[in-house]
Structure formats: structure tokens, C-alpha cells
Amino acid sequence: MRISVFGCGYLGAVHAAAMAELGHQVVGIDVDPLKIDSLAKGQAPFFEPGLAELLERGIRSGALTFSTDPEAARGAAVHFIAVGTPQQADGAADLRFVHAALDAVLAIAQPGDVVVGKSTVPVGTAHALRSAVEQAGARLAWNPEFLREGFAVRDSLEPDRIVYGVAEGDTTSAAVLDRVYAELLIAGSPRMVTDLATAELVKVAANAFLATKISFINAMAEIAEVVGADVTQLADAIGHDARIGRRFLNAGIGFGGGCLPKDIRGFVARAEELGVGPALDFLRDVDAVNLRRRDRVVALTREALGGTLRGRRIAVLGLAFKPDSDDVRDSPALDVARRLAAEGARVVATDPAAVETARPVAPALDYRAGVIEAVTAADAVLVLTEWQQYRELDPVALAALVGGRIVIDGRLCLDAQRWQAAGWQYLSPGRITDRSRALLGV
Ligand code: UGA
């Protein structure tokens, strides 16, 4: 099938490449010529394992092209809208890019085409856009995307579910989308057809649930700290209950990134507009618990260094919002690093992928290429993104380089006993700390 994808950011670039991999003829459209240049050369403009290979295969076979000119999408039967919906100052989603992309699509769409929204939007958006699409003789469907950064290729090619929202009386769009995803459906991905509003809600509800799960365990971490309990063991124990499940129960410095924080705030704002604000009041607490984790790690570092950070040298390992990503949007790690610097610490930071994305956002940090350069002579070492290479660090070797053997495990990803055995003072949110020891007299 001939397919266009409007918006070649994270979502759109991966989706375009995945559609080409499924055997379609795909054109990706974006207003940013730098992004299009890079994608057209097969280079992913962001770090995503496996994406460069997918792009290269699509481009080499001729199935995948990119353009800044919407005219290049003329003739495609299915037009995906995959632009960003950033957060406005009041928390609500900014739909400017969705409207601009839709205008561009409608300028070239032919009667009978299907316009498919993939962007995360406030519930009710599709309903509001529908008449403009139908006036052009086309149909509107909503097909939310659930891919995770770092696993985007796998999530696109082996999705755990495919959801299409279609308008009342539209019996065609689902059949068209079944052809788009035929290979995935044959491979067994579950598919659901819903109305437009349900499809929009599925996306934000899923992200709100994931955020709630993370904040739940981080709230337990707050309790664990004062009673001397271990939140990781707690998560392991409750996670054995299949109704709860162990995934997304990792406590630490909380969630960040371009989706979860923005989506819960947008959802709260939308519920208020709809007159059902109280239904989502709990998401404000989810947000607050999450942000408190960052305060906690800064406080823990200050306490460990004797009450002030001024003039202390602190190594920060990890800047991305999660491992296997170079994304620092709303990154808890970068936020903590900046706060330490704002309190007068000299923050020497590194990350396997995110140094160059962090640098323009936080120019005050002292960036280094690797762990050894970052930790040398540091008074404390903070692990803030759980990259596999940080989990595997050798505490004995590092002990010889640092100025002070204090390690703060912001992601609860290190083997505490191993670090303690190598002479380190090991501290982390949600595990027994000196403070809880003192409180308990143990
Ligand atoms: C999230 C959702 O997981 C995807 O399903 C969704 O499609 C995507 O948003 C989106 O809306 O586009 P992503 O932002 O890539 O995906 O990242 P996650 O893997 O969900 O992680 C989000 C944050 O939560 C990270 O900062 C991560 O470190 C943190 N996290 C995750 C925890 O603190 N604890 C956990 O147990 C899991």
C-alpha cells in the first residue's frame, strides 16, 4: 500500500520505517529539513537501537523516502499524523502541530483516503477534526501508538496490541488498517476496533496507569526509608502477585521523558475542561510523588556530604531519562544534576548517549566522555540512569579513583553489598539509609 507519515520525530520516523519493513511504499514528511536530510541518508536523528538498520533497509529497497514537501504524499491511500503534542504552560496539550499536519494532509488527500491519527491527543480531538476530514471525502481513524523509547523498533513490529478508533458508521477504515497491519495481525498481535474517543483514551489511560504504578512504589519508598525497610524487596514480593506484576515497579528517582509527565498533566487538564476534574485528582499526587523523588536524592547527597554541596565535586553517571536513549526531555537525572549545580556543587556528568543532548539544555555541567574521567577525585558518585554498563561497574577499581567513597544509587540498580564490601558508603532512596538507622537506633 502507499502510505504517508506526517511528522518524522520519534513516533513518525519509527512508524514510517516500520511500515516500509512491513512491505508498504512509505513517504515520511516533516517541516524540518535537517531531520529529513538525516533520515533520507538512513541516519536516525536520535538514539534508538535498531532504527538505523531499519531505515537503511527501507531506503535501499526504495520502499522508504522522506520529503519536506507534502506534495510527495499525494497518491498515498493512508496518511498517518504522527506529530508531537507538547505541553502548554497550563498543562494542557498544544495541538498546533496536529492542526498544521491535518491541513497539509487535506491539501493533498483524495476522496476515499484514510487519515489516521497516531499523536497522543486530548480525548475528543478526533471528534472535533472529523468533519474537516469528511468534507474532503476522506475518513478519520485514530490508532494510538504504545512504543517505548529504546524498544521502539520491536514495539512497532511486535506490538502487544493494535487499537483502531473509527467513527460511527465507518465500516471501511478498519478494513484498510487491517491491510496496513496485515503482517502483524497474521503474526498474532491482538487488535481491537473501538470508537474514536475510546481509542484516544486508551493511550492516555495506559500512560496514566504506568505513571501511577511507578509513583505507587515510590510512595512506598518514602515509607520504607523512615522505617528501615527495603523497597526493592517489597516490589519483588508484591510483584509475585500476578494481579500486581513486577514490571514498572522500580523505585528510584521517578519517571520522566517526553510522554508520561506530559500525558498525565494533559489528562488532568482535559478532565477539568470536561467537568470531571475530581476523577483525575489522584494524578496530581502521582505527579507530586514523582517530583519529590528528585528532591529526595538531592537531599540525600547533601546529607551525605555533611550538609552543604558548595564546592563539592559530584560525579553524575547518567543523564538520559532512561537507559538506551539519548532523550533528556524532563529527565529526572538531568534535573537532579542541575539542582546539585545550582546549590554550588561542581557536577561532573557523563552518559553513554545523552551528553550531547544534555549539553545545550544544561550548559553549567562539566561533561566528560566516560565514567573514569567523571569519577576521578569526586566527593560522591551518583548513578541516575540505570545503563547496563553502570550496573556492571567495578566498585573496587572506582574506589581507587574517587576523593570520597560515597555512592548514591538513584535507580536502585547497584549491588549494595558489593559496593559496601569495596569500602563505599552506599545510599539510595527507598533502602535503609543512615537516617533511618539513626531513627530506628539500629
Ligand atoms: C512510555 C510508555 O511506556 C509507552 O508505552 C508509550 O507509548 C510512550 O510512553 C509514549 O507515550 O509514547 P517511554 O516514555 O519511552 O514510554 O518510557 P518508559 O519506559 O515508559 O519510562 C518512562 C519513565 O519511567 C522513565 O524515566 C523510566 O526511568 C521511569 N520508570 C519506568 C521508573 O522510574 N520505574 C519503572 O519501574 C519503570
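Is valine 227 buried, partly exposed or exposed? I looked it up: valine 227 counts as partly exposed, because its relative accessibility is 46% (buried is under 20% relative accessible area, exposed over 50%, partly exposed in between, with a 1.4 Å probe and protein chains only).

A note on the model before I go on. This is a predicted model, where local features need pLDDT of at least 70 and side-chain atom pairs count only at pLDDT 80 or more, while totals for chains, interfaces and linings use all residues. Residues are numbered from 1 along each chain as its sequence is written, and side-chain values use heavy atoms, with hydrogens and water left out.

I placed valine 227 in helix H9, residues 196-227 (helices are DSSP runs of H or I with at least four residues, strands are E runs of at least two, numbered from the N terminus). With Ile223 and Val226, Val227 makes a nonpolar surface patch of about 240 Å². Patch members have over 30% relative accessible area and no salt bridge; like charges are joined within 9 Å, and nonpolar side chains (Val, Leu, Ile, Met, Phe, Trp, Tyr) within 5 Å. The areas come from the Shrake-Rupley method with a 1.4 Å probe, and for residues only the protein chains shown count as cover.

**Salt bridges.** I found a count of 37 (a side-chain nitrogen of Lys or Arg within 4 Å of a carboxyl oxygen of Asp or Glu). One of them joins arginine 292 and glutamate 222 at 2.9 Å, N to O. Arginine 292 sits in helix H12 (residues 281-304) and glutamate 222 in helix H9, so this pair ties together parts 70 residues apart in sequence. I checked both ends: arginine 292 is partly exposed at 38%, and glutamate 222 is partly exposed at 24%.

I then turned to arginine 329 and aspartate 327, whose side chains meet at 2.7 Å, N to O. Here arginine 329 is partly exposed at 42%, whereas aspartate 327 is buried at 9%.

Next came arginine 346 and aspartate 366, a salt bridge of 2.7 Å, N to O. The pair links distant parts of the chain, strand E10 (residues 346-350) and strand E11 (residues 366-367), 20 residues apart. I also noted one network, joined by salt bridges that share partners, with Arg265, Asp287, Arg294, Asp295, Asp330, Asp335 and Arg339 in it.

**A loop.** Last, I looked at proline 45, in the loop between helix H2 (33-40) and helix H3 (51-61). Proline 45 is partly exposed at 38%, and its C-alpha lies 6.4 Å from that of lysine 35, ten residues apart in sequence.
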